[in-house]
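Please read them with the sequence and the structure side by side.

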Amino acid sequence: MKNIRPITFWPACIGLLLTVIYTILDKQNFIAATSAINTAIIDNLSWLFNLSALFLVGVVAYAFFAPVSKVKIGGEGAKPMLSPFQWFAISLTTVIAMGILFWSVAEPILHYHTPPAYLGITPESPEAMRFSMSTIFVHWTITPYSIYTVAGLAFALAFHNLKLNFSIGSMLRPLLGRWVDGVGGQIIDGLALLSVVLGMSATLTSGLLVIADGMNSVLGIEKSPFIYGLIAIAIIGSAIISAASGLYRGIQTLARINTWLYFIGAAFIFVVGPTAFILSLGVESLGVYLSEFFARNLVTGASGNDQWPGWWTVAFFASWFAWAPVSCLFLGKIARGYTVRQFIIVNMLLPSAFGFLWFSTFSGSALFFDTTMGGIMYDAYQADGFAAVIYVLFDQLPGSTLLSGLFVFACFITFITAADSNTDVIGGLCTKDNNSENQKSPLWVKALWGSAIAFVAWISASFIGVDGVKMLFNLSGLPGMLIVLGSGFAFIRLAQKVEINGQIVEIKPSTLAALESPTKAQTSGVTTPAN
């Protein structure tokens with residue numbers, strides 16, 4: 001325990017325990033209180049969430065074309081930790097992959113049948129279909145990936161180039177100075193740790209419900225606390241085993257399997273599904289998305305006094321901000337040896353392109369069958385919830401049983417991959433002296449938190465529901481947004497120091513000294529721009 005950061009570790013432990021106890025003792029009041037706070041934040045600060053998200057899209061565009069794009073993460077002599085495909089596979093399957101599995105079918109169906117009233121869109125109309133598809137592009141492509149990319153870049157340069165510790169405070173150091181090195185940094189890390197533990201618990205709870213639904217659909221196994229427990233143990237146990245094998249074996253193997261499952265599944269549905277409709281609707285909806293990009297990213301519903309943006313667009317942005325401070329630590333950690341521009345390509349451009357293809361295929365197919373079969377998808381949602389909708393889609397395709405089985409397996413692998421990456425971050429946050437030269441954290445820390453998360457998810461799925469834990473996690477969207485915004489300004493400040501007299505200079509520890517002591521002469525170390 002001597003290597004544990006107490007101010008980060010213990011408050012998160014106690015906070016998780018109190019959340020579970022309070023939910024068990026007084027579930028309704030706990031959910032009501034957290035819901036009221038969350039609603040107040042969304043109602044009063046939706047404009048700030050939207051502006052912040054759009055600002056980060058702008059930061060990514062600036063970073064891609066500015067001189068900083070040529071800077072290599074880790075310095076000119078840094079060797080990549082992963083091959084380009086391994087890097088892409090891990091980035092794709094550890095960030096928002098869990099969401100695209102579940103929402104790619106259910107979300108567009110809901111928007112098609114219940115579009116926002118203040119826009120005057122008639123439900124189940126052609127306009128509603130274009131709205132549903134373009135909206136899902138807003139929620140799941142360029143904007144969320146930009147949020148993660150900016151935070152990931154800020155941390156990657158702080159960790160690998162400035163040689164700062166494995167801490168959320170490190171990516172704020174160019175902006176806030178040495179304050180983040182002490183107790184202040186540990187407090188930030190502790191809040192982020194509690195947030196990610198709650199988020200993982202809520203996500204795993206949803207995963208237990210979805211996988212159990214799939215097992216019931218494919219194998220006829222009835223859902224029960226015992227089944228939920230077995231699934232939770234299998235997921236977290238596999239994640240711990242993967243973590244024990246190290247980054248170069250466990251998670252990259254899982255990520256490669258996951259990525260190929262995604263590509264094969266999408267390709268199969270594209271070929272055997274309504275191919276012409278998928279292509280036509282996808283292209284049409286992409287046009288709507290691009291033509292209305294700014295309006296759709298800045299929607300608040302204030303003009304029509306409508307709560308829809310707060311339930312959907314702003315809520316999604318808040319969720320991405322809640323996850324980003326911790327997810328960026330892992331994305332930044334594995335980026336050594338690549339340039340800033342390559343980081344943007346792998347973490348924003350390629351995943352966004354994949355998202356357009358994925359949602360065009362799955363969402364387009366769902367809308368096709370819903371419109372041609374009398375609302376079958378929406379009826380399934382109303383009867384059995386969002387988790388059941390995708391299995392109804394599979395039932396309309398050849399090899400539905402095999403598809404459902406592969407989907408359950410993909411869910412299982414996705415949760416293991418995400419749990420592995422998040423427990424890696426959790427271990428790093430809890431441990432002292434974790435830096436670019438020493439990136440290992442004790443396995444027992446990962447196992448402890450993994451077990452705690454599995455236990456909370458099992459209790460939530462079996463007895464108390466996911467709402468209490470999820471609502472508390474949603475509250476972390478506000479501090480998460482402030483952290484990611486700060487990382488954006490820190491990155492811009494750092495980026496301004498990479499060009500001197502038309503030449504690109506390395507970002508190194510002396511760069512930080514120059515930032516904190518503006519009167520000090522900038523060190524030399526001019527380097528040839530990386531390709």
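**Notes on a predicted model**

1. In this predicted model, helix H8, which covers residues 183–219, and helix H19, which covers residues 443–464, have axes that come within 8 Å of each other and cross at roughly 50 degrees. The crossing of the two helices, H8 and H19, is right-handed.

2. As for the residues that form this contact, H8 contributes Leu193, Val197, Met200, Ser201, Leu204, Thr205, Leu208 and Leu209, while H19 contributes Trp449, Ile453, Ala454, Val456, Ala457, Trp458, Ser460 and Ala461.

3. His139 lies in helix H5, which spans residues 126–140. Is His139 buried or exposed? His139 counts as buried because its relative accessibility is 0%, and the cut-off for buried is under 20%. When neighbours within four places in sequence are left aside, His139 is in contact with Glu107, His111, Pro144, Trp312, Thr313, Phe316 and Trp320.

4. Val283 has its place in helix H11, made up of residues 275–291. With a relative accessible area of 61%, Val283 is exposed, since the cut-off for that word is over 50%. Although Val283 and Leu357 are 74 residues apart along the chain, their C-alpha atoms are separated by 10.0 Å.

Technical notes. Residues numbered from 1 in each chain as written. Predicted model: local features only at pLDDT ≥ 70, side-chain atom pairs only at ≥ 80, totals over all residues. Heavy atoms only, no water. Axes fitted to C-alpha atoms, helices over the stretch in contact; angles between N-to-C directions. Helix = DSSP H or I, 4+ residues; strand = E, 2+ residues; numbered from the N terminus. Left-handed = near helix turned anticlockwise from the far one by under 90°. Contact = heavy atoms within 4.5 Å. Buried < 20%, exposed > 50% of the residue type's maximum accessible area, 1.4 Å probe, protein only.
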